[in-house]
Amino acid sequence: MKNESDQERADRNFVELLQGARVAVTGVQVLFAFLLTVPFSPGFVKLDLADRWLFYVALVSAAVASICYIAPTAQHRVLFRQGRKETLVRRSNHYGIVGALALTVSMTTATLLVIDYLFGPALGWTTGGILAALALWTWFGQAALSRSDGKDQSSGGSSVSSSARSRE
């Protein structure tokens with residue numbers, strides 16, 4: 001936004017990052033909680049070693065996503081009133097990207113595991129691959145293309161300098 005100070009921009013950006021994380025963290029928490037209960041169900045003992053490794057990847061990546069989405073709030077508490085909001089915004093953005101990648105892995109492997117268990121590996125891997133591609137495209141690919149087109153939507157389509165882009 002025009003006429004906002006660096007501090008106001010950092011505050012606004014941090015609030016926007018937290019709002020986005022709120023959407024994702026709910027899904028991560030539900031998935032992670034579900035995955036934590038699976039080994040205690042009677043059917044888990046029927047899983048072969050490959051499926052157990054899929055489960056391991058799903059569980060650990062859900063934990064990583066949870067950690068990444070919670071990190072900005074925890075760091076905000078530690079850095080409160082230390083004048084490091086811009087650093088926090090940059091870190092939070094990175095954590096959000098890593099969290100989304102980890103969530104992609106967890107959702108894909110958890111779905112692959114269930115479909116493999118129900119219908120076999122061919123449909124499981126096919127579905128997992130499609131889901132991974134869909135998540136990567138909708139969450140990252142389209143945004144990367146938009147980012148690389150050189151247009152700044154807030155200024156009517158003119159190019160943005162890298163210093164102006166880094167402030168967002």
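Visitor: What does Ser 92 touch, not counting residues up to four places away in sequence?

Guide: Ser 92 touches Phe 14, Leu 17 and Pro 72. Contact here means heavy atoms within 4.5 Å. This is a predicted model, where local features need pLDDT of at least 70 and side-chain atom pairs count only at pLDDT 80 or more, while totals for chains, interfaces and linings use all residues. Residues are numbered from 1 along each chain as its sequence is written, and side-chain values use heavy atoms, with hydrogens and water left out.

Visitor: Is Ser 92 buried or exposed?

Guide: Buried, because its relative accessible area is 5%. The cut-offs are under 20% for buried and over 50% for exposed, with partly exposed in between (1.4 Å probe, protein chains only).

Visitor: Which helix is Ser 92 in?

Guide: Ser 92 lies in α3, which covers residues 85–119. Helices (H or I, at least four residues) and strands (E, at least two) are DSSP runs, numbered from the N terminus.

Visitor: What span should α3 have, and how far apart are its end C-alpha atoms?

Guide: At 1.5 Å a residue, the 35 residues of α3 should span 51 Å, and the end C-alpha atoms are 49 Å apart, so the two agree. The expected span is 1.5 Å times one less than the number of residues. After α3 comes Gly 120, with a positive phi near 110°.

Visitor: Back up a bit. How many helices and strands in the protein chain?

Guide: Five helices and zero strands. Of its 168 residues, 33% count as buried.

Visitor: What about His 76, buried or exposed?

Guide: His 76 counts as buried because its relative accessibility is 18%. The residue is found in helix α2, residues 49–78. Leaving aside neighbours within four places in sequence, His 76 is in contact with Phe 14, Lys 85 and Leu 88.

Visitor: Which residues have the most contacts inside the largest nonpolar core?

Guide: Leu 35, Phe 55, Ala 65 and Tyr 69, in a core of 21 residues. The elements giving two or more residues to this core are α1 (6–37), α2 and α3. A nonpolar core is a set of buried Ala, Val, Leu, Ile, Met, Phe, Trp, Tyr and Cys residues joined through side-chain atoms within 4.5 Å. There is also a second, separate core of five residues, including Leu 18 and Leu 88.

Visitor: And what is Leu 35 in contact with, leaving aside its neighbours within four places in sequence?

Guide: Phe 55, Ala 58, Leu 59, Ala 62, Ser 106 and Ala 110.

Visitor: New topic. Where does α4 bend?

Guide: At Trp 137, by about 45°. That bend is the angle between axes fitted to the seven residues ending there and the seven starting there. Helix α4 (residues 121–148) reaches 37 Å from first C-alpha to last, close to the 40 Å expected.

Visitor: Which residues are buried in α4?

Guide: Gly 124, Gly 128, Ala 132, Ala 135 and Gly 141 are buried there. Cover for the buried residues of α4 includes α3.

Visitor: Which residues does the UniProt annotation "transmembrane region" cover?

Guide: The unreviewed UniProt entry gives 21–41, 53–74, 95–119 and 125–145. UniProt positions follow the numbering used here, feature names are shortened, and annotations may be inferred rather than shown by experiment. In the model, residues 95–119 are 100% helix, and residues 125–145 are 100% helix with end C-alpha atoms 27 Å apart.
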